[in-house]
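Have a look around first, and then we will go through the core, the fold and the ligand shell together.

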Amino acid sequence: MSGRPAILVTGGAGYIGSHCCRALDAAGYQPVCYDNFSTGHRSFVTGALVTGDIADKATLAHTFAQHDIVAVMHFAASSLVGESVVDPQKYYLNNLAGTLALLDAMRAAGCNRLVFSSTGAVYGNADSQALPENYACAPINPYGASKWMRARAGGLSRGLWARFIRTALFQRQRRRSLGRNR
Ligand SMILES: NC(=O)c1ccc[n+]([C@@H]2O[C@H](COP(=O)([O-])OP(=O)(O)OC[C@H]3O[C@@H](n4cnc5c(N)ncnc54)[C@H](O)[C@@H]3O)[C@@H](O)[C@H]2O)c1
């Protein structure tokens, strides 16, 4: 325990999650990276590390008990549009069912603050350059749909304070700061 407020960052070893952990650390929080390393990298980890899957409620319960988690920032997901068309089940299992398991674990631990990383893919073929938050959602692939269904499952996150961020423009920034292309 560092004495700093601990934030559980799922997908903390991935692109966006790892930047989030760095920013949390710099802002005086204790990031607790929770990742199954399906696409993440150990060298990206900042702060405490728990290797685990968001569908694994036992490991989540242990993590909540071990660290005094005040909030969760949820980036863990499968996020390749093409792959989601070929293997939709993977996307509904990881992004929807996995997130619901995480919400259960949060409820059980009495942690009720969540930031959820959604995606611009929930808007589908939007015919506008600048998309306001309330633009109609019409996903056209399983990746976008799996994120949209989670956002619509409002009743399932009853009792949680939840914020949804729709990230679409991280590519340039992350290439610059990690010094790599992907
Ligand atoms: N990168 C972008 O431009 C972008 C755009 C829109 C939305 N998003 C969203 O932001 C989030 C992060 O995206 P990213 O680009 O950093 O992806 P990424 O693949 O680099 O990071 C995802 C991380 O989550 C981990 N992970 C995946 N499934 C997991 C599971 N079941 N349990 C534990 N860990 C798991 C992976 O190992 C990886 O470290 C995703 O939710 C994605 O949908 C990203």
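Which residues have the most contacts inside the largest nonpolar core? They are Ile7, Leu8, Val9, Cys20, Val32, Cys33 and Phe75, in a core of 31 residues. Please keep in mind that this is a predicted model: local features need pLDDT of at least 70, side-chain atom pairs count only at pLDDT 80 or more, and totals for chains, interfaces and linings use all residues. Residues are numbered from 1 along each chain as its sequence is written.

**The nonpolar cores**

- A nonpolar core here is a set of buried Ala, Val, Leu, Ile, Met, Phe, Trp, Tyr and Cys residues joined through C-beta atoms within 7 Å.
- Beyond its neighbours within four places in sequence, valine 32 is in contact (C-beta atoms, placed from the backbone, within 7 Å) with Ala6, Ile7, Leu8, Val9, Gly47, Ala48, Val50, Thr63, His67 and Ile69.
- There is also a second, separate core of 7 residues, including Ala121, Val122, Tyr143 and Trp148.

**The fold as a whole**

- The protein chain has 6 helices and 6 strands; helices (H or I, at least four residues) and strands (E, at least two) are DSSP runs, numbered from the N terminus.
- Along the sequence, these follow the pattern β-α-β-β-α-β-α-α-β-α-β-α.
- Of the 182 residues in the protein chain, 36% count as buried; that takes 20 or more other C-beta atoms within 10 Å of a residue's own, while 12 or fewer make it exposed and counts in between make it partly exposed, with C-beta atoms placed from the backbone.
- Taking contacts in the protein chain between residues at least 6 apart in sequence, 67% join residues at least 24 apart.

**Around the ligand**

- The ligand is surrounded by 29 residues, and the closest are Gly11, Gly14, Tyr15, Gly40 and Ala77; a residue is near a molecule if its C-beta atom, placed from the backbone, lies within 6 Å of it.
- The elements giving two or more residues to this shell are α1, α4 and β5, and α1 gives the most, with 3 residues.
- By class, the shell has 11 nonpolar, 16 polar and 2 charged residues. Ala, Val, Leu, Ile, Met, Phe, Trp, Tyr, Cys and Pro count as nonpolar, Asp, Glu, Lys and Arg as charged, and the others, Gly among them, as polar.

**Glycine 3**

- Glycine 3 sits in the segment before β1.
- Glycine 3 counts as exposed because 7 other C-beta atoms lie within 10 Å.
- Glycine 3 and tyrosine 29 are 26 residues apart in sequence and 9.0 Å apart in space, C-alpha to C-alpha.

Conventions
Contact = placed C-beta atoms within 7 Å.
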